[in-house]
Amino acid sequence: MSIDPGPVTAPSLESRIHGCLLGGALGDSLGYAVEFDSIEAIRGRFGVEGLRDFSALDGGSHFSDDTQMTLYTVDGLVEALEWANSGVGADVNACLWLAYLRWLASQGEAVPPSAPVPQPRWIDSQEVLRHRRAPGNACLSGLATGEMGTVFRPVNPESKGCGTVMRSAPFGLVPHITPDAVYKLSADAAALTHGHPSARQSAGIFSLLIHRLVAGDTLPAAADAVLAEVHSLEGAAPELQERLDAAVRMASSGPAAPEDLVRELGEGWVAEEALAVGLYAVLATASGPDGSMAGNLDFGPQDHFRAAVALAVNHSGDSDSTGSIAGNILGAYYGEACLPEQWLEALEAPDVIRSMGDQLVAVTTA
């Protein structure tokens, strides 16, 4: 595995929360521009190195349903924590389900009459979150059943699309809870829309990775820890083990060609593939864009962020989700210090993302 240069100083929780949410939105936005393009088409549009910067997008950039659902995950957690801080216990997964039902309505879909009618919250008034940005079919159909899916009574029992992983970073941002609780919260929330074990486990492992980084682990230490966790899971999905093993193995050799990435890790349309590609992109570029030894003083957190996101989005596959995951990871690790200023200037509605981050900071530091 690449040597990890590490942050110069430990970021604050607030910086990690904002860094994770904004970083994910940046990776999502760059990847969304090429989400359905083959690597050949990407090279045809942007040159042999592919899409590497927002300046190449003449028409501007938008984030996708990945960022929308991540922010609605934040909102569900915030509501549950608001209740807890007031001394009233709340069912966290019910709060998340209600948040996702409000997201469903924002996409122009009818909330089924069998479901409860959620009370509107601040996030629902943000027009930018109401645009339909290629929402995942399983997320839509799972919520449209009007049933609150559980591990024991799943909706979409065979679905393992990446719609669970791409929205699950916020679970790892809640401090002062145990790793087991982080994993369970995330996996339970995944079952609201996706029933396949790999979808739930991939979401839980991703949240656990974010949690370890927020707690101060280095990137290699966090990766090793979650890899060990995957291999110790009862009923672990073998495909998740295989993809994450391959991601860490590939990363030790530095960045690979997009064709090799897809052959070894997949295109990212399903949960374990998206997580593997995002993790691989972060680890493979930790020493520099060419995999050279760490210690290069000219290669800092922003350089790492640019290189990792570019590696995560330039392939034939689900580029917005893999880019979002890579951005979440590095934002949680470095905090806001890794976010390129020019990229932030190109980001859609950063004030909305920051406001949701502020709400999470407020309820977790109260």
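Predicted model: local features only at pLDDT ≥ 70, side-chain atom pairs only at ≥ 80, totals over all residues.
**View 1. Helix 12 and helix 13 side by side.** The axes of helix 12 (residues 301-313) and helix 13 cross at roughly 160 degrees and come within 8 Å. That makes helix 12 roughly antiparallel to helix 13 (angles over 145 degrees count as such). Helix 12 passes helix 13 in a right-handed crossing, meaning that the near helix is turned clockwise from the far one by less than a right angle. From helix 12, the contact (heavy atoms within 4.5 Å) takes in P301, H304, F305, A308, V309, A312 and V313, and from helix 13 it takes in S319, T322, G323, A326, G327, L330 and Y334. These residues divide into nine nonpolar, five polar and no charged, with Gly counted as polar.

Residues are numbered from 1 along each chain as its sequence is written, and side-chain values use heavy atoms, with hydrogens and water left out.

**View 2. Helix 9 packed with helix 11.** Helix 9 (residues 238-251) and helix 11 (residues 271-284) have axes 8 Å apart, at an angle of about 15 degrees. The two helices are therefore roughly parallel to each other (under 35 degrees). Here too, look for a right-handed crossing as helix 9 passes helix 11. On the helix 9 side you will find E239, L240, R243, L244, A247, V248, M250 and A251, which meet E272, E273, L275, A276, L279, Y280, L283 and A284 of helix 11. By class, this contact has 12 nonpolar, no polar and four charged residues.

View 3. The largest cavity (grid points, 1 Å apart, where a 1.4 Å probe fits but cannot get out) has a volume of about 40 Å³. Its lining residues, with an atom within 4 Å of a point, are L21, G24, A25, T67, T70, L71, S324 and N328. Helix 1 (13-32), helix 3 (65-85) and helix 13 (319-334) each give two or more residues to this lining. The lining has three nonpolar, five polar and no charged residues.

Note on methods: 1 Å grid on protein atoms, 1.4 Å probe; cavity = no way out; pocket = protein on both sides within 12 Å on 5 of 7 lines; lining within 4 Å. Points joined across faces, edges and corners; volume = space filled by probe spheres on them. Helix = DSSP H or I, 4+ residues; strand = E, 2+ residues; numbered from the N terminus. Axes fitted to C-alpha atoms, helices over the stretch in contact; angles between N-to-C directions. Parallel < 35°, antiparallel > 145°, perpendicular 65-115°, else oblique.
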